[in-house]
Amino acid sequence: MTDAAGPATALDAAARGSRRSPWTRERIESTIITVLKWVGVVFFVVVTLFPFLYMLLLSVRPIADLALEPGRLFVPFERLTFGTYDEVLRSVAEGGQGFLSFLQNSAIIATVAVIASLLLAIPGAYAISRLEFFGRRQVNFVFLAVYLFPAILLAIPLFVFFTRIGLRGSLLGLIIVYASQTVPVTIHMLRTYFNSIPESLEESAMLEGANRFQVMRHISIPLAMPAIMSTGLFVFMIAWNEFLFALLFLVDRRESWTVSLGLSQLANSTIEVPTTVVMAGAVILTVPIIVVFFLTERLLVEGLTAGAEKG
Amino acid sequence: MTSSPTTTEGDRPGLSLRQQESRAGLTLLSPTFIVVVAVIILPVLWTIFIAFRDLRLRDIREVGVFGAEFTLDNFIGVFTSRGFFDALLTTVIYSVVGTSLAIGLGLAAALIVRAPFRGRTLVRASMLLPYVSPVVAVAFVWSVMLDPNLGIVNAFGENVLGWDRPIPFLSQRSSEVTVLGISFGIPTALLTVITFQAWRYFPFAFLFILARLQAVPADLDEAAKVDGASPFQRFRYVLLPQLSGVIALLAVLRFIWTFNEFDDIYLLTGGGAGTEVVAVGIFNRLTGRGDIGAAAALSLVLAGLLAIFLFLYFRYFAAKPETSL
């Protein structure tokens, strides 16, 4: 066996002394590890994907079929239905659950929050990355410390405040909260990217007579565009998925509900809504996020874990 | 460049480059700063203020929020309320067990996809799905999967594993389990929400550990191999020490976030069946009873306890944590 494996293994064996058996500790453990690895791959893929598969399959099943055979995963083809989607999307006036308007609310809130968060964070991240000013080092720390506060602690005063000024129940209130809550992480991700752009480019432009703001606008921001896009999509995902503030601010006004809030209300509804219809709502809530995620996966992962490899 | 005064357009003469930079930096940062102060820092301070008042939801439109007199009633109420210490214990168990499980799974997942293989990119991406997906959707899927009547888990248990009756995973406080003739109670619902939390957050640990793993120089492993260290030894004595920093950082971050966690438990059990963590208690005081003062006091207690835990951790356990995130 060792002969076939070539000189490297032979050398290994020689280094380990005069053991003749092919079952060296190295080999035994490597075999165990290879087996464990593939068991692990299967385990993780099944465990992470199964709930999503289940979600999708339940959403196209008639409820009677599910009640009859809860243990069955795949629907017989002839019983496949898309009526669940029709019911969940249709407006309440037409006997549906109104998810189409929830989708619209979520899209508005998330998009405006992304724009606001980026408009705030781009200049801030640039400043922290490039300029030396009083408190530069502390600023980053303060922002991140803020990020560690319990959301529920912030929710109380904001709830009281927005109730008093009459913004509770409006989309605007929620947008303000989302934009400001995502600014710290947006700055963190963008700053990392600005740091990776060589400063020499900007310096030469400044020697040509451009000022800071011109440099930022014509050089740094265009170069950082990929990072800005992916950071924006990350904020979009946060805003789209957010639940606590949406619940606190919007629950009294059905016409303002986001998809997340709508789904949670539907799931706990006192009026009996078929599970399969709610499941169609869950698919509608999840699909945009999965699409956005696959579009940005690589950049997102790099932006999020920047600094982690320093360990 | 620093010696010659650059008087380009837009620069004010008389200011050194350093002063200009400083001024530009503060200008660029000020919008962020103002928003963060207005929507995060001031509200936190205001919470402290509210916690010392008797403030009810029904009064907030009329009563001057800055009027009213100071009182300690809210805090006395928190510490004497039935269930406070139970909720605290639940929160601590939930955080410690959930954090450990999530990091353990994340470490395993990272080791598995470390070396390239066919389909690795897809496997890695699919492992991130629980973390990026909307919490409301995945919590709902889990609650249906575990449902005693409609759920596939109980159907599988009854049909294939031969369970006598379905297990109400999310509504049963505890169940008797007999292993080798010894019976003991296990907190069913609490274990279920902990499992959910490990499932949802292991990708976060996975991402960070994987990033760190890929930065470990390959010759380190090679050298240990040449010296005759077996694969398990190489993991234990070469790789693991390299990961200790990132694992410590993850432990702190995940503990903080799990300790404050609201969404997962609220959506799965509503805080019932022995899963009421402090954050859910705060929410119930705020919306259920409309007692804003009590909610604020409890949230300050939560933040205070967290600060104490972190202080103890950094004082006695942490070598020198990386604060890059």
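A salt bridge is taken here as a side-chain nitrogen of Lys or Arg within 4 Å of a carboxyl oxygen of Asp or Glu. By that rule, B:D54 and B:R56 form a salt bridge in this predicted model, because the N to O distance between their side chains is 3.5 Å and the cut-off is 4 Å. B:R56 itself is partly exposed, at 27% relative accessibility.

Within chain A, the side chains of A:R72 and A:E69 are joined by a salt bridge whose closest N and O atoms are 3.4 Å apart. Both partners are partly exposed, A:R72 with a relative accessible area of 32% and A:E69 with one of 30%. Another salt bridge in chain A pairs A:D252 with A:R168, with 3.5 Å between the closest N and O atoms. A:D252 lies in the loop between α13 (244–250) and α14 (259–267) of chain A, and A:R168 in the loop between α8 (151–164) and α9 (171–196) of chain A, so this pair ties together parts that are 84 residues apart in sequence. A:D252 is exposed, with a relative accessible area of 60%, whereas A:R168 is partly exposed, at 23%.

Between the chains, the count is one salt bridge, formed by A:E26 and B:R234 with their closest N and O atoms 3.4 Å apart. A:E26 and B:R234 also belong, together with B:D221, to a network of salt bridges. Helix α3 (residues 25–59) of chain A gives the most to the side of chain A that touches chain B, with 22 residues, and the residues of that side divide into 71 nonpolar, 20 polar and 12 charged. In total, 103 residues of chain A are in contact with 100 residues of chain B. The area buried between the two chains is about 9200 Å², of which carbon and sulfur atoms give 79%, and eight residue pairs are found in polar contact across the interface.

As for confidence, the predictor gives the complex an ipTM of 0.86 and a pTM of 0.86. The pLDDT is below 50 over residues 1–11 of chain B, a stretch with 11 contacts beyond near neighbours in sequence. It also stays under 50 over residues 321–325 of chain B, for which the model has 12 contacts beyond four places in sequence. Where pLDDT is low, the predicted coordinates should not be read in detail.

Terms used
Residues numbered from 1 in each chain as written. Chains lettered and ligands numbered in written order. Predicted model: local features only at pLDDT ≥ 70, side-chain atom pairs only at ≥ 80, totals over all residues. Heavy atoms only, no water. Contact = heavy atoms within 4.5 Å. Buried area = accessible area lost by both parts, 1.4 Å probe. Polar contact = N/O pair within 3.5 Å; in protein donor to acceptor, adjacent residues only side chain to side chain. Helix = DSSP H or I, 4+ residues; strand = E, 2+ residues; numbered from the N terminus. Nonpolar A, V, L, I, M, F, W, Y, C, P; charged D, E, K, R; others polar. pLDDT = per-residue confidence, 0-100. Buried < 20%, exposed > 50% of the residue type's maximum accessible area, 1.4 Å probe, protein only.
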